[in-house]
Structure formats: structure tokens, C-alpha cells
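This report goes through one protein chain, from its overall make-up to a few selected residues. Please look at the sequence and the structure before reading on.

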Amino acid sequence: MMVRLPSFGDDHPLPVAEECVLAHLEHEAAECAANNPDSALAAKIRLAWGLAHSGKGQADYRRAKRMTADLLKTAEDSLAIKELLYLSAVAHLNCGELVGAHHHVSQLLERCPHSSQGLDLKNRINEEMVRKGLTAVGLLVGAVTVGATFITRLAAKR
């Protein structure tokens with residue numbers, strides 16, 4: 001059960017998870033962790049999706065940020081990493097942390113440059129940055145991200 005609400009005046013809003021959906025995802029994640037460890041990661045990612053898209057507000061968004069950060073530390077599957085980067089960007093955006101949102105969506109787009117979800121989210125973030133007058137910060141974050149990636153790759157070659 002999901003409702004779609006407008007976001008930043010966009011014609012294609014982000015979905016919003018209702019409380020009953022969150023309750024189901026919480027139960028599913030706990031049950032999988034206890035009874036089916038092989039599907040626990042997928043259940044946790046679904047829960048992170050629900051929290052990042054929660055209609056309840058900041059506490060759920062912060063929880064989604066922590067959960068995605070923890071899961072990114074151990075995730076090995078490329079698809080899971082991409083999904084977690086997207087969810088982290090959504091959670092940061094919903095918390096109003098545009099720099100963090102921009103950073104995570106940029107990491108996603110480095111891995112998957114043609115991700116329509118990632119490109120759409122990046123446009124939303126950039127629109128919000130412009131709206132809030134943070135264009136210079138967005139450019140700086142982009143430059144830092146590119147620089148950090150370059151340094152990491154250069155160090156990996158040595």
C-alpha cells in the first residue's frame with residue numbers, strides 16, 4: 001500500500017510508504033533475520049526503502065540513513081550496492097541534507113551512469129539546491145567526488 005505525494009513541485013513524485021507498509025516491512029525483516037538469513041539482506045533493503053520513503057518523517061529518514069550506511073559496509077552484490085546508494089540519497093534528501101544526497105546519488109551514477117532513477121533523483125536534488133541557493137556547494141561536492149574517485153583509483157593502481 002503506497003500513496004504518491006508531490007515532491008518539489010515535480011510531476012513525478014517520490015512514493016511515500018504508509019505506516020502499515022512500514023509495519024509489514026519491519027516484521028518481514030525481523031522474521032527473515034531470525035528464520036531465513038539468506039533473504040535477510042533483501043528484507044533489510046526493502047525496510048530501508050520503506051524508511052527512506054516514510055510519511056512519518058525525520059526519525060525514519062535518519063534510521064534509513066544509518067541502515068543504508070551499515071548495509072553498504074557489508075554489501076558485495078553490485079545491484080544491492082546501487083539500490084542502497086539510491087536509498088541513502090533519498091533518505092538524505094528527505095532529511096534536507098542536500099550535500100549528502102548529492103554525494104550518494106553521484107556515487108550511484110558513477111557505478112551506473114544511465115540509471116533513470118539516479119538521474120531523476122539527481123535532477124530533484126539539483127533543483128532543490130538551486131532553490132535553496134546551494135549551487136556552489138553542489139559544484140564543490142561534485143568536484144570533491146570526482147577528485148576522491150580519481151585519487152582512490154590512482155592509489156589502487158600502485
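A residue is called buried when its relative accessible area is under 20%, exposed when that area is over 50%, and partly exposed in between. Glu128 is therefore buried, since its relative accessible area is 5%. The model is a predicted one.

**The chain as a whole**

The chain has 7 helices and 2 strands. Read from the N terminus, the order of its elements is β-β-α-α-α-α-α-α-α. Of the 158 residues in the chain, 41% are buried. The accessible surface of the chain comes to about 9,100 Å², and carbon and sulfur atoms account for 58% of that surface. Among contacts between residues at least 6 apart in sequence, 55% join residues at least 24 apart.

**Salt bridges**

Side chains of opposite charge can pair when their charged atoms come close. How many salt bridges does a search of the whole structure find? The search finds 6, and the table lists some of them, including the pair of Lys65 and Glu97.

| Salt bridge | N to O distance |
|---|---|
| Lys65 and Glu97 | 2.7 Å |
| Asp120 and Arg124 | 3.2 Å |
| Arg131 and Glu128 | 2.7 Å |

The side chains of Lys65 and Glu97 meet in a salt bridge. This pair links distant parts of the chain, its residues being 32 apart. Lys65 lies in helix H3 (residues 58-74), while Glu97 sits in the loop between helix H4 (78-95) and H5. Lys65 counts as buried because its relative accessibility is 17%. Glu97, at 32% relative accessibility, counts as partly exposed.

Asp120 and Arg124 also form a salt bridge. Both belong to helix H6 (residues 116-132), and because they are 4 residues apart there, about one helical turn separates them. Asp120 is partly exposed, with a relative accessible area of 31%, whereas Arg124 is buried, with a relative accessible area of 2%.

Arg131 and Glu128 make another salt bridge. These two residues lie in helix H6 as well, 3 residues apart, about one turn of the helix. Is Arg131 buried or exposed? At 58% relative accessibility, Arg131 counts as exposed, while Glu128 is buried at 5%.

**Helix H6**

Helix H6 has 17 residues. From its first C-alpha to its last, H6 reaches 24 Å, close to the 24 Å expected at 1.5 Å a residue. Which residues of H6 are buried? They are Gly118, Leu121, Arg124, Ile125, Glu128 and Met129. These residues lie on the same side of H6, because they cover an arc of only 135° around the axis. The face of H6 turned away from this buried side carries the exposed residues Ser116, Val130 and Arg131. Just after H6 comes Gly133, which takes a positive phi of about 75°.

**Ser106 in helix H5**

Ser106 has its place in helix H5 (residues 98-111). With a relative accessibility of 10%, Ser106 counts as buried. What does the side chain of Ser106 reach? The side chain of Ser106 comes to 2.8 Å from the backbone oxygen of His102.

Terms used. Residues are numbered from 1 along each chain as its sequence is written. This is a predicted model: local features need pLDDT of at least 70, side-chain atom pairs count only at pLDDT 80 or more; totals for chains, interfaces and linings use all residues. Side-chain values use heavy atoms; hydrogens and water are left out. Buried means under 20% relative accessible area, exposed over 50%, partly exposed in between (1.4 Å probe, protein chains only). A polar contact is a pair of N or O atoms within 3.5 Å; within protein, one must be able to donate a hydrogen and the other to accept it, and residues adjacent in sequence count only if both atoms are side-chain atoms. Contact means heavy atoms within 4.5 Å. Accessible areas come from the Shrake-Rupley method with a 1.4 Å probe; for residues, only the protein chains shown count as cover. A salt bridge is a side-chain nitrogen of Lys or Arg within 4 Å of a carboxyl oxygen of Asp or Glu. The expected span of a helix is 1.5 Å times one less than its number of residues. The arc is that of the directions from the helix axis to the C-beta atoms.
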